[in-house]
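Have the structure open while you read.

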Amino acid sequence: MITFENVSKRYGGFTAVDDVSFVARSGRVTGFLGPNGAGKSTSMRIMAGLTLPDHGVATIGGHAYADIPNPGRHVGVLLDASAQHAGRTGREVLALTAMTMGLPGSSVDEMLETVGLTPTEAKRRVKNYSLGMRQRLGIANALIGKPSVLILDEPANGLDPAGIHWMRGLLRQFAADGGTVLLSSHLLHEVEMIADDMVLIGRGKIVAQGSKQELLQTAGTFVRGEDPQLLAKVLADAGITATASGDGGLRTEVDPIEIGRAAAAAGVVLVELRPAEGAGLEEMFLQLTASDARESVNSEGAAA
Ligand SMILES: Nc1ncnc2c1ncn2[C@@H]1O[C@H](COP(=O)(O)OP(=O)(O)OP(=O)(O)O)[C@@H](O)[C@H]1O
């Protein structure tokens with residue numbers, strides 16, 4: 001289990017993480033979702049003891065990362081797949097990690113196989129790896145100590161569709177075996193596909209969290225007419241408030257049957273009429289994505 005309690009981190013006058021609290025539970029995959037610059041990486045660095053928070057506490061299994069002896073045996077961390085030593089081969093990277101953790105040499109071959117790096121690829125230097133291969137190596141590096149907690153920052157970056165499918169299966173199995181997985185992404189659908197729980201962050205603040213089912217469940221109706229403008233007029237005339245949903249459809253809080261009746265009474269043809277599942281989450285996320293999180297940083301010149 002990973003616990004984040006009222007964690008804040010400021011860089012100069014800029015608050016990168018703002019009073020963030022959430023729990024990633026064991027046996028579940030928790031998706032940490034937010035647009036670029038939202039504060040995901042900073043939060044993950046705090047969890048892994050690489051950045052000190054100004055306020056709050058981050059614990060893994062009840063302990064601060066820095067207090068965990070031989071932490072790689074308990075927590076697997078992948079923060080930046082490109083940060084691996086470019087001059088070493090994939091095998092050397094893993095062998096060094098295994099040695100540091102006191103693991104047998106056989107664990108290197110086991111991990112290479114788990115992540116699908118062939119013996120030939122393992123002999124190549126990391127500087128000649130594609131981003132997808134680096135991600136696989138990074139995941140192997142995180143898994144080699146057989147930890148019970150995984151913290152992965154954008155692990156799907158650079159993986160091809162088959163690689164993403166493979167990673168999903170691996171992480172789902174890890175959680176099914178009782179492990180805790182926290183993975184970040186800036187892609188809603190990627191997280192939707194894999195996560196049991198979701199934490200949405202924007203401009204350093206948590207804007208929504210809960211199980212995927214809770215978050216995707218939104219009241220309301222989605223309707224699309226053959227003639228969208230005519231449908232909008234008919235609904236307005238019937239006293240039904242509806243908002244444009246961006247894909248030629250309308251969203252309303254009124255039940256589908258009421259919409260169907262209003263359309264039938266006016267002789268309007270509907271091409272889609274259904275509960276507006278997930279639309280709330282998608283809208284919330286689009287608003288976050290459109291926000292000026294990065295601009296505010298640029299104006300402060302905060303990069304260090
Ligand atoms: N060392 C630092 N010094 C100054 N500002 C920083 C530092 N690290 C992060 N920031 C700023 O804090 C904000 C949060 O960054 P962070 O990397 O945590 O976001 P993110 O959600 O992981 O985004 P991305 O998806 O782009 O990696 C950003 O605006 C970033 O510029």
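## The buried side of H2

In helix H2, the buried residues are Gly 90, Val 93, Leu 94 and Ala 98; a residue is buried if 20 or more other C-beta atoms lie within 10 Å of its own, exposed if 12 or fewer, and partly exposed in between, with C-beta atoms placed from the backbone. They take up an arc of only 130° around the axis, so they sit on the same side of H2; the arc is that of the directions from the helix axis to the C-beta atoms. An α-helix has 3.6 residues a turn, so residues three or four places apart point the same way. On the other side of H2, Met 99 and Thr 100 are exposed.

Keep in mind that this is a predicted model: local features need pLDDT of at least 70, side-chain atom pairs count only at pLDDT 80 or more, and totals for chains, interfaces and linings use all residues. Residue numbers start from 1 along each chain as its sequence is written.

## Length and ends

H2 has 12 residues (residues 90-101) and should span 16 Å at 1.5 Å a residue; its end C-alpha atoms are 17 Å apart, which agrees. The expected span is 1.5 Å times one less than the number of residues. Helices (H or I, at least four residues) and strands (E, at least two) are DSSP runs, numbered from the N terminus. Just after H2, Gly 102 has a positive phi of about 75°.

## What packs on it

The cover over the buried residues of H2 includes helix H3 (106-115), helix H4 (119-123) and helix H5 (131-143); a contact means C-beta atoms, placed from the backbone, within 7 Å. Where H2 and H3 meet, Arg 91, Leu 94, Ala 95 and Ala 98 in H2 face Ser 107, Val 108, Met 111 and Leu 112 in H3.

H2 and H3 pack at an angle of about 130°, with axes 9 Å apart. Axes are lines fitted to C-alpha atoms, for helices over the stretch in contact, and angles run from 0 to 180 degrees between N-to-C directions. That makes H2 and H3 oblique to each other (under 35 degrees is roughly parallel, over 145 roughly antiparallel, 65 to 115 roughly perpendicular, the rest oblique).

## A look at Thr 97

Thr 97 lies in helix H2. Is Thr 97 buried, exposed or partly exposed? Thr 97 is partly exposed, because 19 other C-beta atoms lie within 10 Å. Not counting residues up to four places away in sequence, Thr 97 touches Gly 72, Asn 141 and Ile 144.

Definitions and conventions:
Contact = placed C-beta atoms within 7 Å.
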